[in-house]
Amino acid sequence: MRTVLLRVFLATGFVLSIACAKAPPQPPPPAPRPHLLLISLDACRADHLSVYGYGRETSPFLAELSARGTLFRHAFCNTHGTTPSHATMLSSLYQETHRIEYRAAEGENKQEAVPKRVVLLPEILKAEGYITLGVTDGGQMARGYGFDRGFVEFDDAGGGIASGTEKLLAMARRHLPSGAPLFLFLHTYSVHSPYLPPEPYRTLFGEFPHSIEPTSEALLPLANTAWRDLAQGDLDFLKAQYDGGIRHADDTLRRFFGELEADGMLDRTVAAVTADHGEEFADHGGLLHRNFLYEELLRVPLILAGPGVPAGRVEEKLAGLVDLSPTLLALAGTAPKVLMEGRDLLDPAFRGEVLFAQYGNLRYALRTRQWKYIRTTVPEGEELFDLVADPGEKNNAAAVERERARRFSKALEEWRRARPDLGAPIGKVALTPEHEKQLRALGYIQ
Ligand SMILES: [Zn+2]
């Protein structure tokens with residue numbers, strides 16, 4: 001039968017030409033998968049960015065980036081040690097699940113590595129054909145903590161955001177000709193203590209007489225007593241230095257994105273800019289980042305821009321770092337093939353009305369848009385804040401709003417019970433002398 005038909009078509013050129021014209025058009029080639037760029041500004045609290053409403057002009061570039069994309073006005077880390085928070089960001093597992101630095105109440109929570117059973121985003125993307133390139137400033141983001149896993153190239157030598165962006169750019173340029181999509185990860189301590197940005201950023205926001213150095217070593221002894229022992233002038237000085245560090249990062253990112261654009265990469269790149277946690281400036285009496293769950297420590301910037309991201313949008317839903325990996329995977333056109341507890345933030349079905357955070361097993365928080373409930377395990381205690389009436393979290397309403405506190409406490413317990421058990425032993429970190437020096441400068445060991 002097939003032969004007969006073929007003869008008919010061959011004998012009548014007209015019929016044959018019609019048949020060709022009616023053939024279904026070939027589908028267009030699929031759009032290349034986007035490059036993914038994830039930037040973590042360690043210890044950068046959202047409310048010190050001008051794009052989040054801060055009075056000093058700290059983030060003009062991030063404002064431009066957010067105009068091209070979506071800014072999440074209410075973004076939070078779900079835990080705030082550097083290692084566990086980045087583990088959550090890169091695995092979409094809560095600390096309650098991955099258990100890194102979990103035993104905070106017993107004071108055993110330092111220097112733990114990401115266990116192999118916690119699958120990290122670069123491992124997933126590498127398996128999907130991405131070329132994975134990472135640059136961190138070391139410290140608790142060094143390879144000894146497991147953060148090199150899944151990267152084709154990984155540099156944790158440190159040096160701050162200027163050298164970090166240069167190194168990442170050089171890596172990207174080496175691999176760009178392959179045509180494969182790239183995953184670029186940049187982590188920097190440039191905003192983190194010591195607050196020592198290069199000039200002109202140290203004096204950009206004013207010169208303040210001070211009797212303290214902005215180093216971690218000088219600030220650590222005051223971490224719990226700043227409310228009593230730190231003069232207002234010193235506090236003003238520290239904030240100006242910290243804000244200068246943010247502006248330095250912002251200006252550096254402007255140059256970095258300019259290079260990506262000149263290389264023709266930017267149009268194909270989904271960028272995410274965020275932080276692993278915030279920083280304290282005596283908001284609740286202390287400095288640096290202690291083990292509390294107040295807004296200055298939990299609230300972080302989150303800006304997405306690039307192919308697939310709505311432009312010029314300010315998103316009001318509550319966003320957690322636990323949601324970042326599923327969001328990036330969705331933008332890359334793939335779905336998680338391992339357990340992930342977060343959601344795709346750009347999925348309209350995800351309403352983002354409740355958020356969970358913790359500091360190990362010492363403190364837990366449940367947050368809605370209006371309320372935050374915090375439970376402390378040792379010594380046992382609870383706090384409840386109306387974030388609309390009391391954004392500074394100064395008035396504990398738990399005793400007044402007893403029924404609300406009881407409901408939130410129950411929801412928190414249910415959330416804890418629902419976490420899966422990975423049964424994964426936590427890896428211990430072996431510290432080299434160089435590594436110890438790095439951690440001391442950052443204030444993590446004394
Ligand atoms: Zn950190």
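**Notes on helix packing and strand pairing**

1. Helix 7 and helix 10 cross in the right-handed sense (a crossing is right-handed if the near helix is turned clockwise from the far one by less than a right angle, and left-handed if anticlockwise). Helices here are DSSP runs of H or I with at least four residues, strands are E runs of at least two, and both are numbered from the N terminus. Please keep in mind that this is a predicted model: local features need pLDDT of at least 70, side-chain atom pairs count only at pLDDT 80 or more, and totals for chains, interfaces and linings use all residues. Residues are numbered from 1 along each chain as its sequence is written.

2. The axes of helix 7 (residues 160–175) and helix 10 (residues 232–262) come within 10 Å and cross at roughly 15° (axes are lines fitted to C-alpha atoms, for helices over the stretch in contact, with angles from 0 to 180 degrees between N-to-C directions). Helix 7 is therefore roughly parallel to helix 10 (angles under 35 degrees count as roughly parallel, over 145 as roughly antiparallel, 65 to 115 as roughly perpendicular and the rest as oblique).

3. Which residues make this contact? Helix 7 brings Ile161, Ala162, Thr165 and Leu169, while helix 10 brings Ala249, Thr252, Phe256 and Glu259 (contact: C-beta atoms, placed from the backbone, within 7 Å). By class, the contact of helix 7 with helix 10 has five nonpolar, two polar and one charged residues (Ala, Val, Leu, Ile, Met, Phe, Trp, Tyr, Cys and Pro count as nonpolar, Asp, Glu, Lys and Arg as charged, the others, Gly among them, as polar).

4. Helix 10 also meets helix 3: their axes come within 7 Å and cross at roughly 50°, so helix 3 is oblique to helix 10. Pro60, Phe61 and Leu62 of helix 3 face Asp250, Asp251, Leu253 and Arg254 of helix 10 in this contact.

5. Eight strands form an open sheet of mixed pairing, in the order 5-4-6-1-7-10-2-11 (two strands pair if DSSP finds at least two bridges between them). Strand 5 (153–155) and strand 11 (313–320) are the edges; each has a single partner strand, so one side of each lacks a neighbour in the sheet.

6. Within the sheet, strand 7 (residues 269–274) and strand 10 (residues 302–305) pair in the antiparallel sense over four bridges. Val273 stands opposite Ile303 in strand 10.

7. Finally, strand 14 (residues 371–376) pairs with strand 15 (residues 381–386) in the antiparallel sense over six bridges. A hairpin of four residues joins strand 14 to strand 15.

Methods:
Two residues are in contact if their C-beta atoms, placed from the backbone, lie within 7 Å.
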